There are 2 protein chains.
Amino acid sequence: MGRWQPDSRGRLQEAALALYSEHGFDQTTAAQIAARAGLTERTFFRHFADKREVLFGGSALLQERIVAGVAGAPPTDGPLDAVGGGLAAASDMLGEFRRDLSRQRHAVIVANPELRERELAKLADYAESVATVLRDRGVGEPQASLAADAGMTVFRVAVERWASGTDDRALDAVMRDAMAELRAVAGGC
Amino acid sequence: MGRWQPDSRGRLQEAALALYSEHGFDQTTAAQIAARAGLTERTFFRHFADKREVLFGGSALLQERIVAGVAGAPPTDGPLDAVGGGLAAASDMLGEFRRDLSRQRHAVIVANPELRERELAKLADYAESVATVLRDRGVGEPQASLAADAGMTVFRVAVERWASGTDDRALDAVMRDAMAELRAVAGGC
DNA sequence: ATCCATGATGTCAGTAACTGTCAACGCCTA
DNA sequence: TAGGCGTTGACAGTTACTGACATCATGGAT
């Protein structure tokens with residue numbers, strides 16, 4: 001065994017979620033998280049750019065999945081259909097994850113404005129990369145941005161209902177319903 | 001004339017926009033802004049909760065206008081039509097404002113991730129209050145949240161195009177077009 | 001006219017988020 | 001065995017932000 005325990009990053013994420021849950025985000029210092037993980041404050045900030053980022057460690061992977069899902073949609077799909085493919089991929093990934101941890105994390109995030117702010121920023125990142133994929137598929141502007149952003153709205157509303165317990169079905173079902181509702185609200189047919 | 005110059009808040013906003021433009025958000029300290037406004041750092045934080053908020057002084061008023069616009073839409077309007085009424089009110093308000101200042105402010109915000117994050121949070125606030133108005137109008141969930149959020153997407157995309165110079169028309173025209181594009185993308189008719 | 005409540009500001013001390021720098025240490029490879 | 005590389009610790013420093021208290025003008029009450 002090495003000089004240090006393995007998986008510093010993972011230990012910091014666990015410690016942060018536990019402390020944020022127990023004492024609240026504001027009342028938890030980076031030094032406390034580091035100490036609980038058996039590390040120093042300096043090391044915390046080497047792994048995570050700031051105190052919020054420690055709760056979003058999986059966002060890069062999720063973004064890759066979403067992008068891959070959109071890129072893999074049939075060429076005949078319209079913009080929003082393609083985005084739906086990305087949302088399906090995201091649902092699969094989150095569905096594999098322990099739902100109790102998702103709920104705990106969600107509860108921490110909704111309890112703090114700074115964390116809600118960061119989550120919105122992550123969604124905006126996803127939307128921007130999805131819009132890029134749509135443009136690669138030949139979708140123009142502003143359609144690409146609108147479709148990507150509307151898709152992230154669907155994602156946000158669905159995850160909110162799923163993680164808060166408002167809707168107890170599997171995430172992919174909640175997601176499909178939300179997409180259908182958006183089409184109904186916006187379609188005006 | 002009193003002991004102090006009038007309109008401390010306005011002077012702080014002007015000083016901040018100028019310094020953020022000239023040196024960048026990160027390279028500007030709250031003390032520098034306060035000094036330029038003839039005040040102290042402590043007074044800066046009495047007027048604004050943090051360094052970012054000084055750029056969003058008008059957001060409460062804008063939110064009121066949007067909410068009033070939605071609430072004032074004809075009862076026969078669908079959810080997204082009602083939100084369109086709010087966007088029209090927002091366009092009117094921003095249209096009255098000096099466009100060069102809007103562009104300068106927009107340039108500062110897009111140049112900094114923390115400021116973009118805050119702007120997204122403001123839009124989410126608008127969306128939440130719009131969703132509340134929609135529910136008061138009898139719209140259920142998740143339709144209210146989806147319509148409100150989709151509306152803010154339209155707002156964001158339109159203001160981005162208007163303030164960045166991508167689209168040189170008046171804001172209300174850009175906004176109406178964006179709404180129509182969203183309906184076309186989402187409607188699938 | 002004087003006193004006092006109120007509101008805006010200044011002053012100062014303090015906490016904690018974050019950063020730069022350098023040293024220490026284990027691992028891997030030549 | 002030597003040396004490069006990556007991770008961590010130690011430590012000093014800046015700055016965002018907060019709490020507590022003093023100061024000074026304004027306006028109303030006495």
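Through which surface do the copies, chain A and chain B, meet? They meet through the same surface, because 100% of the interface residues of chain B are also interface residues in chain A. The model is predicted. Chain A has nine helices and zero strands, and a rotation of 180° superposes chain B on chain A. The points below cover the fold of chain A, the contact between the chains, and some local features of the backbone.

**Chain A as a whole**

- Chain A contains nine helices and zero strands.
- Along the sequence, its pattern reads α-α-α-α-α-α-α-α-α.
- The C-alpha trace of chain A spans about 60 × 35 × 30 Å along its principal axes.
- Of the 189 residues in chain A, 41% are buried.
- Among the contacts in chain A with a separation of 6 or more, 60% are between residues 24 or more positions apart.

**Helix α1 of chain A**

- Helix α1 of chain A covers residues 8-23, which makes 16 residues.
- From its first C-alpha to its last, α1(A) reaches 22 Å, close to the 22 Å expected at 1.5 Å a residue.
- Its buried residues are A:Leu12, A:Gln13, A:Ala15, A:Ala16 and A:Tyr20.
- An α-helix has 3.6 residues a turn, so residues three or four places apart point the same way.
- The cover over the buried residues of α1(A) includes α2 (30-36), α3 (41-47) and α6 (99-110) of chain A.
- After α1(A) comes A:Gly24, with a positive phi near 95°.

**How the two chains are related**

- Chain B is superposed on chain A by a rotation of 180° with 0.0 Å of shift along the axis, and the RMSD is 0.0 Å.
- This is the relation of a two-fold axis.
- In chain B, the C-alpha nearest the axis belongs to B:Gly187, at 1.7 Å from it.

**The contact between the chains**

- Chain B gives 27 residues to the contact, and chain A gives 27 residues.
- On the side of chain B that touches chain A, the elements giving two or more residues are α5 (79-96), α7 (113-136), α8 (143-164) and α9 (171-187) of chain B.
- The largest share of that side comes from α8(B), with nine residues.
- By class, the side of chain B that touches chain A has 15 nonpolar, six polar and six charged residues.

**Helix α7 against helix α7**

- Two packed helices are described by the angle between their axes and the distance between the axes.
- The axes of α7(A), residues 113-136, and α7(B) come within 9 Å and cross at roughly 100°.
- α7(A) and α7(B) are therefore roughly perpendicular to each other.
- In this contact, A:Glu117, A:Arg118, A:Leu120, A:Ala121 and A:Ala124 of α7(A) meet B:Glu117, B:Arg118, B:Leu120, B:Ala121 and B:Ala124 of α7(B).
- The contact of α7(A) with α7(B) has six nonpolar, no polar and four charged residues.

**Backbone features in both chains**

- Most residues other than glycine have a negative phi, and most peptide bonds are trans.
- A:Asp7 is not a glycine, yet has a positive phi of about 60°.
- A:Asp7 sits in the segment before α1 of chain A and is exposed, with 11 other C-beta atoms within 10 Å.
- In chain B, B:Asp7 also has a positive phi, near 60°, and is a residue other than glycine.
- B:Asp7 is placed in the segment before α1 (8-23) of chain B; B:Asp7 is exposed, as 11 other C-beta atoms lie within 10 Å.
- The peptide bond from A:Glu141 to A:Pro142 is cis, with omega near 5°, and A:Pro142 lies in the loop between α7 and α8 (143-164) of chain A.
- B:Glu141 and B:Pro142 are likewise joined by a cis peptide bond, with omega about 5°, and B:Pro142 lies in the loop between α7 and α8 of chain B.

**B:Ser59**

- B:Ser59 lies in helix α4 (residues 59-71) of chain B.
- B:Ser59 is partly exposed, with 17 other C-beta atoms within 10 Å.
- B:Ser59 and B:Arg156 are 97 residues apart in sequence, while their C-alpha atoms are 14 Å apart in space.

Key
Residues numbered from 1 in each chain as written. Chains lettered and ligands numbered in written order. Predicted model: local features only at pLDDT ≥ 70, side-chain atom pairs only at ≥ 80, totals over all residues. Contact = placed C-beta atoms within 7 Å. Helix = DSSP H or I, 4+ residues; strand = E, 2+ residues; numbered from the N terminus. Nonpolar A, V, L, I, M, F, W, Y, C, P; charged D, E, K, R; others polar. Buried ≥ 20, exposed ≤ 12 C-beta atoms within 10 Å, placed from the backbone. Axes fitted to C-alpha atoms, helices over the stretch in contact; angles between N-to-C directions. Parallel < 35°, antiparallel > 145°, perpendicular 65-115°, else oblique. Least-squares fit on C-alpha atoms with pLDDT ≥ 70 in both. Expected span 1.5 Å × (residues − 1).
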